[in-house]
Amino acid sequence: MTSVEIIALLAASCAAGIINAVAGGGTLVTFPVLILFGIPPVIANATSTLALVFGISGSLYGFRARLAEVRPWFGTFIPVSIAGGWIGSFLLTHGSENTFARLVPYLVLFATILFMLQGVVRRRVAHQAASGEAPPIGRRHLLIAMVFQFVVSIYGGYFGAGIGILMLASLGFLGFSDIHRMNTLKSVLGSLINLIAATWFVLCGLIDWPRMGVMTVGAVAGYYLGATYSQRLPQNIVRHLISVIGLIITVVMFWKLR
């Protein structure tokens, strides 16, 4: 690695850590930067996942007081999350790298759109909490939520960007209205999906270890800064900036495929 690449990877992973701590969507920064430096898409995805998984798991520390509130749901969602995360990572490692490379622009666009919808979902949750409105939690709704979580987990194991907002939508449909409780359960499940995928990628030898080490340092710093100063940041500006970056990356990647 050149000094320019080291600095770029540190900056990108630090920014991703801050973004994930504040809003989510850090993969939209780390993955394209690795691609920019010539890393093959599958290895870039695996390396980015492992570099960020430590920081994502670390976010659970901030929700430790609420873990007991969501523990009753672990038995429902953890098994499907593990299975889906493994299937997604298996599909990535056993599919054609050329196919994945061609899917990347669509995956980034999909993740960017999901990120842009975060505000809508959060407003919906806030409205439910204020009005006392909550969808019924019946067996049918629970089954649909489990199937949806399974599909989200497959996508998370395969690519991962945007799974947080998908899980928030599912939990809102199930009847959750406390955003802190939702974020706690989302963090547990998201960390587990990424951990399963990262473990599989390591076993398959897909990690670029020198770059992963550099990015881990940046990600840890970014998560610390994001967790410490997130209340002082204008989150609307951060969200708009990430959305613009995601759209620009999508356009560039579509252009490269021509």
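Biologist: How do the residues of the lining of the largest cavity divide into nonpolar, polar and charged?

Modeller: The lining has five nonpolar, two polar and one charged residue (Ala, Val, Leu, Ile, Met, Phe, Trp, Tyr, Cys and Pro count as nonpolar; Asp, Glu, Lys and Arg as charged; the others, including Gly, as polar). This is a predicted model, where local features need pLDDT of at least 70 and side-chain atom pairs pLDDT 80 or more, while totals for chains, interfaces and linings use all residues. Numbering runs from 1 along each chain as its sequence is written, and side-chain values use heavy atoms, without hydrogens and water.

Biologist: Which residues line the largest cavity?

Modeller: Rolling a probe the size of a water molecule over the atoms shows where empty space is left. Here Phe-77, Gln-149, Met-167, Ser-170, Leu-171, Leu-185, Lys-186 and Leu-189 form the lining (an atom within 4 Å of a point on a 1 Å grid over the protein atoms alone, where a 1.4 Å probe fits but cannot get out). Helices α9 (163-174) and α10 each give two or more of them (helices are DSSP runs of H or I, at least four residues, numbered from the N terminus).

Biologist: Is Trp-200 buried or exposed?

Modeller: Trp-200 is buried at 18% relative accessibility (buried is under 20% relative accessible area, exposed over 50%, partly exposed in between, with a 1.4 Å probe and protein chains only). Phe-90, at 29%, is partly exposed.

Note on methods:
1 Å grid on protein atoms, 1.4 Å probe; cavity = no way out; pocket = protein on both sides within 12 Å on 5 of 7 lines; lining within 4 Å.
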